[in-house]
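Here is my notebook from an afternoon with one protein model. Have the viewer open and follow along with me.

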Amino acid sequence: MKKFKFPIDLSMLTEEEINQFREDPSTLFQGDTDVCLYLRFSSERQKEQSIEGQLRDCIAYCKRKNYRIVAIYVDRATTARKDVEKRVHFQEMITASVHQTWKLVVVWKLDRFARNREDSAVFKMRLRKNGVKVESATEGISKNPEGIILEAVLEGIAEYYSADLSQKITRGMRESALKCHSIGGHVPLGYKIEDHKLVINPDTAHIVQEAFELYANGETVADICRMFNAKGYRTAKGAEFNRNSFKSMFRNRRYIGVYRYKDFEKEGGVPPIINKDLFETVQKRLSANAEAPARGKAKVDYLLAGKLFCGHCGGSMNGESGTSKTGAVHNYYACYTRKRQHSCDKKPLRKEWIEQIVAQDAMELLTDDAIQEMADMAISQTEKDLRENTRIPELSEKMKETESGIANITKAVEKGIASDALMSRLVELEKEKKNLLRLITEEEKYVCKIDRDQIVYWLTKFKDGNIEDENFKRIIIDLMVNSVTVWDEPDGFRITTAYNLTSCKNKTFRISSSSDKGFGFEGLESTIGVSILDTPIFYC
């Protein structure tokens, strides 16, 4: 038999199976839509359709639909019910879908794809994210009620998918960290991102240098704040400086060239702005200022740090700790103006009490509409990071131009115009497309791809979160709350909260406390079930 040259790799098929294409190769060369075939044979049911039979039906289906087969994946003697990870070529197909060289996966029956409803929905979801759908060659999915169920987002599936994605993201971040690449998050003042790495920003690095020198020479943080704001300096987020602006700055080892991600640390991984001698001088002064009055303070996580303000004087309320006569340690928020200048009468607030009140209020605002808005905000930020920190938009635009050029030349060839120059240009464009695809794949390694559905699912789970859990409480406060202002009143407290969501207006409410529970060091148990007074309350 004459050796036939096929346009795709058929090495996964046996000679008997390949013979079907030798008899009629049209589905490998003709068609309006590019598809791949996924075939699977399980040894647990010897009477089920063989790969050869599945292939015959799938070829016939593609011929009827005018599909062109551009790839074939086969798993033999594997089950779809469990251990989906062992289906090597199935996993290879899912991975290959990101390149979008085909738009459909054709299977003999849906149970060849997956018998487990959750696995089916999870992997179909992954394919959908890459613009790929699944079709059955022998089942009328559109008329089958089970088809609707298979497409639904089942409870718990997104959790499985998110957990799996989280592992991949963590692994990718780890690889990026080993190369000292920026992996998202806040870019410290004095730096900017170029080619995935932190580099010195000459427009702002001098501010960091000046701050360290001033503090090392004896200036107070308050004085440095005033000087910087008077000069028009701004933080990395474009805001005016305050005392909290320097807490992380003076402790940030990146400024002496140390790259750190979780437990990985590398000297020289970041270009230094500060020399080590100056950094150590600042550390000694910070340690001296952190003696007795703030002992034990660093061990306590003040969830409202930088967010809680005194309603009487407008000053910040900072986390403090004190020891009673019995030796018990109490944590609270105290007005900075009262403590330093003694010009405000605001009483301290118990840490646990005010944090619980704020967290409970934030939970009430976690509505479906708020979740949708937060998802939009997160996606918007993700797209912004993609534009500003990667070459993907630029490469994608070049890819469109290249593909357009290939399409135009292909049309010309189809019309009978096939000069040597034209064919030479086609070869060049094909090489360029391959190179662009490689570059895009490289860039995507440094992007944490999170879609809107995942975000909505994650936020929705918070509606059932445990408000007593400290980690949960921290996340809900960081997520929702911009600032909290508290006034002392004869019968309790007046609290105004500003939120991170633009659709949520400031909300003011009063909480009664007949015996001033929440002031000073009284027991928290007596504040449970506080009552809201009859005063105007403004919701989002």
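Which residue in β12 is the bridge partner of Tyr 333? I looked it up, and the partner is Leu 349.

**Entry 1: ground rules.** I am working with a predicted model, where local features need pLDDT of at least 70, side-chain atom pairs count only at pLDDT 80 or more, and totals for chains, interfaces and linings use all residues. Residues are numbered from 1 along each chain as its sequence is written, and side-chain values use heavy atoms, with hydrogens and water left out. Helices (H or I, at least four residues) and strands (E, at least two) are DSSP runs, numbered from the N terminus. I call two strands paired if DSSP finds at least two bridges between them. Buried means under 20% relative accessible area, exposed over 50%, and partly exposed in between, with a 1.4 Å probe and protein chains only.

**Entry 2: around β11.** I stayed with strand β11, residues 329-335, and found that 6 of its 7 residues are buried. β11 runs antiparallel to strand β12 (residues 349-350), with 2 bridges joining them. Strand β10 (residues 317-323) is also antiparallel to β11, through 7 bridges. One thing I checked in β11 was His 330, which is the bridge partner of Gly 322. The hairpin of β10 and β11 has 5 residues between the strands, and there Gly 327 takes a positive phi near 95°.

**Entry 3: a glycine in a loop.** Next I clicked on Gly 311, in the loop between β9 and β10. Is Gly 311 buried or exposed? Its relative accessibility is 18%, so I noted Gly 311 as buried.

**Entry 4: β13 and its partners.** Strand β9 (residues 308-310) runs parallel to β13, and 3 bridges join them. In that pair, Phe 309 has Thr 485 of β13 as its bridge partner. β13 also pairs with strand β14 (residues 492-499), this time antiparallel and over 8 bridges. A hairpin of 2 residues links β13 to β14, and Glu 489 stands opposite Gly 492 in β14. A reminder to myself: strands of a sheet pair through backbone hydrogen bonds, either parallel or antiparallel.

**Entry 5: a parallel sheet.** I then traced an open sheet of 4 strands, in the order β2-β1-β3-β4, with parallel pairing. Its edge strands are β2 and β4 (133-136), and each pairs on one side only. The twist averages 25° from one strand to the next; axes here are lines fitted to C-alpha atoms, for helices over the stretch in contact, and angles run from 0 to 180 degrees between N-to-C directions. Why did I note strand β1 (residues 33-41) as largely enclosed? I did so because 7 of its 9 residues are buried. β1 meets strand β2 (residues 67-76) over 9 bridges, with Phe 41 opposite Arg 76. On to strand β3 (residues 104-107): β1 pairs with it over 4 bridges, and Val 35 has Leu 104 as its partner there.

**Entry 6: helix α13.** The expected span is 1.5 Å times one less than the number of residues. The 14 residues of α13 (residues 351-364) should span 20 Å, and the end C-alpha atoms are 20 Å apart, which agrees. I also found 11 of the 14 residues buried, so α13 is largely enclosed by the rest of the structure. Among the buried ones are Lys 351, Trp 353, Glu 355 and Asp 361.
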